[in-house]
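Please open the model in your viewer and keep the selection panel at hand. The stops below are arranged so that each selection leads on to the next.

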Amino acid sequence: GLNFIDLMVRQGNIDNPPKTPLVPGFECSGIVEALGDSVKGFEIGDRVMAFVNYNAWAEVVCTPVEFVYKIPDDMTFSEAAAFPMNFVTAYMMLFEVANLREGMSVLVHSAGGGVGQAVAQLCSTIPNVTVFGTASSFKHEAIKNSVTHLFDRNADYVQEVKRISADGVDIVLDCLCGENTGKGLSLLKPLGTYILYGSSNMVTGETKSFFSFAKSWWQVEKVNPIKLYEENKVIAGFSLLNLLFKQNRGGLVKGVMDKLLNLYNSKKIKPVVDSLWALEEV
């Protein structure tokens, strides 16, 4: 799958980027061609999807078995390649970190992106959840039915949300960073949770922009723990790649994937594939 993190890798906007030349990509789908001596539960010829610590954009990849999952019979390879990163990220933020429950409200930025659409689908599995979303205006027509309230990303969404819900929201999912951090915290209800899972405001154009990085860093509201205590608010961060490849939580992610595949098999969620690209076109 092609994700926003891949664009950040291309621009060098990540911590400790690997040495070049490198093959990008963190998720893929395909057919098992070979197995390690101690591997159980898989056979040559199985249709699988997997997380890979780089090198996913290749004809052949090798990854530990704990990062590999069988593809449901009615899921295509292209859908499988777009499934793990987006849905695991969305699920873990909503249910593992923020404890989404019936009647709650969620604000998700970049609602037209892969994670944003996964968030919307997962929220629909819980009764009476209100989803506020921001997205570029040209995406509104395609995603208008997936969220409850949709705003242009350049609009004053804080006032728009408060006009509809004076108390704000229970969960803010922010992949933008910069000035949106302070705005997100200001929208939280008591006991609400703000989760930062990206920093796309630091990415502009096709090359790394130190101006964008500095501007975004400067605009981030400095968090005062005492203020969080007084206002009963929670601030958190989430990085799926760090969870998998640096913090060794593959078993936890495997449990989440099992739940997601059950939801898929129950026809409650479905990966959205925007377009298909040949490797030489990327």
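A nonpolar core is here a set of buried Ala, Val, Leu, Ile, Met, Phe, Trp, Tyr and Cys residues joined through side-chain atoms within 4.5 Å, where buried means under 20% relative accessible area, exposed over 50% and partly exposed in between, computed with a 1.4 Å probe on protein chains only. This is a predicted model, in which local features need pLDDT of at least 70 and side-chain atom pairs count only at pLDDT 80 or more, while totals for chains, interfaces and linings use all residues. Residues are numbered from 1 along each chain as its sequence is written, and side-chain values use heavy atoms, with hydrogens and water left out.

Begin by colouring the chain by pLDDT, the predictor's confidence in each residue, from 0 to 100; the chain mean is 89, and 89% of the residues reach 70 or more. Then select residues 213-218, where the pLDDT is below 50 and where the model has 6 contacts (heavy atoms within 4.5 Å) beyond near neighbours in sequence.

Next, turn to the largest nonpolar core, which has 56 residues, and centre the view on L173 and L260, the residues with the most contacts inside it. Among the elements that give two or more residues to this core are strand 2 (47-51), helix 3 (84-97), helix 10 and helix 11 (250-265); helices (H or I, at least four residues) and strands (E, at least two) are DSSP runs, numbered from the N terminus. Helix 3 supplies the largest share, 8 residues. Apart from this core lies another, of 12 residues, including F132, Y157, V172 and L188.

Now show the open sheet of 3 strands, ordered 1-2-3 with antiparallel pairing, where two strands pair if DSSP finds at least two bridges between them. Strand 1 (27-31) and strand 3 (68-70) are the edge strands, each pairing on one side only.

Finally, select L243 in helix 10 (residues 240-245). Is L243 buried or exposed? L243 counts as buried because its relative accessible area is 14%. Leaving out residues up to four places away in sequence, L243 touches M92, F238, N248, R249 and V253.
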